[in-house]
Amino acid sequence: MSFSSNFYWGGATAANQCEGAYNTDGRGLARTDVTTAGSYNKMRTVTYKMPDGTTGEVNGFGFDMPEGAKGAILDGYYYPNHESIDFYHHYKEDIALFAEMGFKMFRMSISWSRIFPNGDEEKPNQKGLDFYRSVFEELRKYNIEPLVTISHFDTPLYLEENYNGWNNRKMIDFYVHYVETIFNEYKDLVKYWLTFNEINNTVMFLDMFGSKASDKVYQEAYQQLHYQYVASAKAVKIGHKINSEFMIGCMICGITNYPMTCDPKDVMLTRYKWEQGIFYSGDVQCKGKYPTFAKRLWNEHNVKLDITDEDLNDLKEGTVDMYTFSYYSSSIVTTHKVENNASGNFSMGTKNPYLKYSDWGWSTDALGLRYYLETIYDRYELPLMVVENGLGAVDKVEEDGSIHDPYRIEYMKEHIKEMSKAIDNGVDLIAYTTWGCIDLVSAGTGQMSKRYGFIYVDKDDEGKGSLKRLKKDSFYWYKQVIESNGENLEMEVK
Ligand code: BG6
């Protein structure tokens, strides 16, 4: 048996992508609430209002907001995260379905602006606290262990607009106050915490979109990251004081990079990609200090960081207890000119001829997951969790309400096989929570039609649908996987 008897099988979500109820019970806005729907080849946009009342929209990352603009909900636009799949009102039904599959763990996030609507208040919003208490209690009823992401792409919009977000050192204090509040509130209900979702995205994706970002963009990105590392380290220290049993992890967007050729230049560039995109964040959060290659990265873009001695001490004392990551696909790296680019949103650059690609242009590479697991375990020797993995695909509901999704089963089956081999090779992997275990709004495109779930939700890309939940074939398959503790992957589904 590769998987230990207490292995955490489960699924993962994020508040802004599933809860809906964006303005219910005192919740404040997050950037996702002013972000429209995109598609396979159209980027999501952020809509805004200027002080003089004129309005407009900019690409979803909001890099190019005009001076003085404030994110605004405008007539004539559709904002998919406002209702999403309304987990806020369906959580009992959804958790019962997770329990039916046999989940041992459920990864979810707390919406910061439900607890602190603006982000800089002293007193939390009681209704927000009550909501998550009910969710955690419901999970405990079924012996499902919550795994809670503290910040998953939804910093309160007020903080971004009035304090310039993570460019401002003050954000550390706001985050720490939020973290202390939820740690104290849920210390007996939640043991596993993740400080920031895919913290490394801030720098990893800078040069993945083709256009060369300016030194100013790099300067801001590295500075924001530094403040987040310090905030994360402080959270770890505080968490351990509040409950010494807490296990607090980093969460890294995991992409396995390969050189396209054996040209030493490709091999070197690949190593640099690993360093910049993956190891930079992991090293700071797991080893408690900046790696030696940080100097090279900063020098490349004339980055000068505001780092104090106290920060360095916090980083040292606030190292994480576990390394967690998302893994969907791999990427190839080359210094050579290539025609063959993978298309689709967040495409991973050059297309790898040995791999299959999803309808959204993401490669499927199960072996890449083992490569990643073994590389990372070797580097940090900390317990690992795969906290996101899965295939975004279009599903068809048959007349009788069944949904046949063999492509999703195939994808996960291959990834589970590689996880099991990694465990056999000595990797201490303790959890697997598949992404979007129930269909939810895609972060990248804002679509519902990019579905990851075992549970189908009747809702389309225009916001129409009954929100009814239906079980896909993969629902029964995953139940079987969990029941057999990862041994029976070949089950004939209905
Ligand atoms: C991860 C994020 O990057 O990928 C999730 O943590 C996201 O929030 C997931 O949903 C899948 O990406 P997408 O764009 O298909 O939703």
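**The second largest pocket and its setting**

Mentor: In this predicted model, the second largest pocket is lined by 14 residues, and those nearest its centre are Lys356, Thr364, Leu391, Tyr407 and Tyr411. Two elements give two or more residues to this lining, namely β10 (356-357) and α13 (406-424). Of these, α13 supplies the largest share, with four residues.

I turn next to the nonpolar cores. The largest of them has 130 residues, and Trp193 and Tyr323 are those with the most contacts inside it. Helix α8 (residues 215-242) gives the most to this core, namely twelve residues. The surroundings of Tyr323 can be set out in detail. Leaving aside residues up to four places away in sequence, Tyr323 touches Cys250, Ile252, Ile278, Gly282 and Cys286, and also Tyr372, Ile376, Tyr380, Leu382, Pro383, Leu384 and Met385.

Strands of a sheet pair through backbone hydrogen bonds, in either a parallel or an antiparallel sense. Strand β9 (residues 322-333) pairs with β12 in the parallel sense over four bridges, and Tyr323 stands opposite Leu384 in β12. Leu384 is also one of the residues that Tyr323 touches. Strand β12 also pairs with strand β13 (residues 429-435), in the parallel sense and over three bridges. Strand β12 (residues 384-388) is mostly covered, since five of its five residues are buried, that is, under 20% relative accessible area.

A further sheet has antiparallel pairing. It is an open sheet of three strands in the order β3-β2-β4. Its edge strands are β3 (55-59) and β4 (70-71), each of which pairs on one side only. Strand β2 (residues 45-49) pairs with β4 in the antiparallel sense over two bridges, and the bridge partner of Tyr48 in β4 is Gly71.

Note on methods:
Residues numbered from 1 in each chain as written. Predicted model: local features only at pLDDT ≥ 70, side-chain atom pairs only at ≥ 80, totals over all residues. Heavy atoms only, no water. 1 Å grid on protein atoms, 1.4 Å probe; cavity = no way out; pocket = protein on both sides within 12 Å on 5 of 7 lines; lining within 4 Å. Core = buried A, V, L, I, M, F, W, Y, C linked by side-chain atoms within 4.5 Å. Buried < 20%, exposed > 50% of the residue type's maximum accessible area, 1.4 Å probe, protein only. Contact = heavy atoms within 4.5 Å. Pairing = 2+ DSSP bridges.
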